[in-house]
Amino acid sequence: MTKRKIIVVGHGAAGLCAALSALETARERGMAAQVTVLDRASESSCGGGSRFSPSNIRMLSPDAMEPGFVDGIVAQSGGRADRAYFERLAAEAPATASWLQDRGTAFHTPPYYLAKGPARIQPVGSIGVLYEALRRSAQAAGVEFLYERELRRLVLDGARVVGVETGTAADVIHADAVVLASGGFEGNADMLREHFGPGGETLRPISPGSALNDGGGIRAALEAGARRSGDWNGMHIEPVDARSSGSAPVVLVYPYGILVDANGCRFFDEGAGLMHETWERLSREIHFSLPGRTAYAIFDAALLEIPEYGRAIRSEVPPLRADSIADLALQLGIPAAALGATLAAYNAACTGDSARFDETRKDGLASVPGLSPPKSNWARPIDRAPFLAWPLVGAIAYTFGGIATDTEARVLGADGPIHGLYAAGEITGHFHGSAPNAVAMLRALVFGRIAGRNAASVE
Ligand SMILES: Cc1cc2nc3c(=O)[nH]c(=O)nc-3n(C[C@H](O)[C@H](O)[C@H](O)COP(=O)(O)OP(=O)(O)OC[C@H]3O[C@@H](n4cnc5c(N)ncnc54)[C@H](O)[C@@H]3O)c2cc1C
């Protein structure tokens, strides 16, 4: 019996789902198959963003989507999202969650940061637990792994993809089907500059895994005739503690304080929306518009009185702390007089009833007209010691621009699907504007599984 050979490029969640489902599908059909995952990183450093992801997943429960899931995503994208793709995602999500449960992943409903957002589930365990479960299942099933092998080019026979070239031109691995799952271009300084403009090249990767995604899979697919898709000026970026060297040391309490720049001036409506509605815009503004590409989030004792406020802070470095604003400014290295004046103006504009403050929802506690920029919710004076501060920078989690795929995870060229080529996860361009909350991992899992199934069965 001849073996069907499948190459999967990328050892993240999408690639591991594809590899496992390809092998399982082939066996269900009584076919012999060899499934190989190759990754440019070493065994200990591969896994991309998946290895560092808390994997929040936008589902009501493992067997149900929230009502309006697809409409919400299409509306958020300004009508640009491919409805059919997200309908397939919603239709397949429960079956995918059940498939993962059968392979050792349990789900629970995680507490939201502080304010409520869309319903979501999460694998039970520490960061990366889902990725580790997939890696173990793929190993146990007999998937082969090749580390430190970078995809350079796809090998074509006419219009069909028949293998991959890694390293030199002599390094060709032939295959009946190839699944691309090698992430976005968040680790490629040149591409970041090209698509986000000057300063793009200095964006900090949010995790060590994100730094390894260099867009090589996207470039190889485009060379082979794939169409571009998604928002090439879009990225998911979050505000992190500038002092931390940890993975994703986010500081997401900023809606409850104020943000100032290095001159001590406010520049952003901190209360414009729930944290996940403003974090990308804020982080872009910090990186591309502020002096020193740094902002300072300032709070007083009221922050410490918010129950479980620490859930929204993932930095291991304690905040700067002072008994006076002048001392805080000194520690931050920003002009004390300017920060004092900013706070005086801000406090004077916070005339609402502080008893209405509610960190779990947009509470409507707005600054009075005239404050510029305004603070639209959670506007309470900042006047009680201790005063606290975190310096914030923007850190990129993933890019939106990628290659076009359809509801069967087939890569699309100018004339339709490219034979023998599938793709899933971040490498595919399906996000526009701002990232739909908690959908990136879900689509890596769902379309990874679809890609593997089709790579194993479609001639
Ligand atoms: C800190 C963090 C938190 C996140 N939190 C959430 C969340 O809560 N919910 C959510 O939905 N999403 C979240 N995300 C996003 C989500 O985790 C990712 O979108 C998802 O894991 C992407 O999976 P992937 O398999 O497509 O890519 P990745 O997991 O990034 O894997 C890509 C793999 O391809 C390899 N590779 C790259 N280039 C090449 C090449 N040229 N040749 C060979 N191999 C290559 C890499 O080494 C890597 O192993 C988070 C991401 C990060 C980083």
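Visitor: In which sense do β1 and strand β2 (residues 33–38) pair?

Guide: This is a predicted model, in which local features need pLDDT of at least 70, side-chain atom pairs count only at pLDDT 80 or more, and totals for chains, interfaces and linings use all residues. Residues are numbered from 1 along each chain as its sequence is written. Strands are DSSP runs of E with at least two residues, and helices are runs of H or I with at least four, numbered from the N terminus; two strands pair if DSSP finds at least two bridges between them. Over six bridges, β1 and β2 pair in a sense that is parallel.

Visitor: Which residue of β2 is the bridge partner of R4?

Guide: R4 belongs to strand β1, residues 4–9. In β2, its bridge partner is A33.

Visitor: Why is β1 largely enclosed by the rest of the structure?

Guide: A residue is buried if 20 or more other C-beta atoms, placed from the backbone, lie within 10 Å of its own. Strand β1 is largely enclosed because, of its six residues, the number buried is five.

Visitor: Which element gives the most to the shell around the ligand?

Guide: The ligand is surrounded by 47 residues, a residue being near if its C-beta atom, placed from the backbone, lies within 6 Å. Elements giving two or more residues include α1 (13–28) and α11 (440–457). With four residues, the element that gives the most is α11.

Visitor: At what angle do α1 and α11 pack?

Guide: Axes are lines fitted to C-alpha atoms over the stretch in contact, and angles run from 0 to 180 degrees between N-to-C directions. The axes of α1 and α11 lie 7 Å apart, and their angle is about 35 degrees.

Definitions and conventions. Buried ≥ 20, exposed ≤ 12 C-beta atoms within 10 Å, placed from the backbone.
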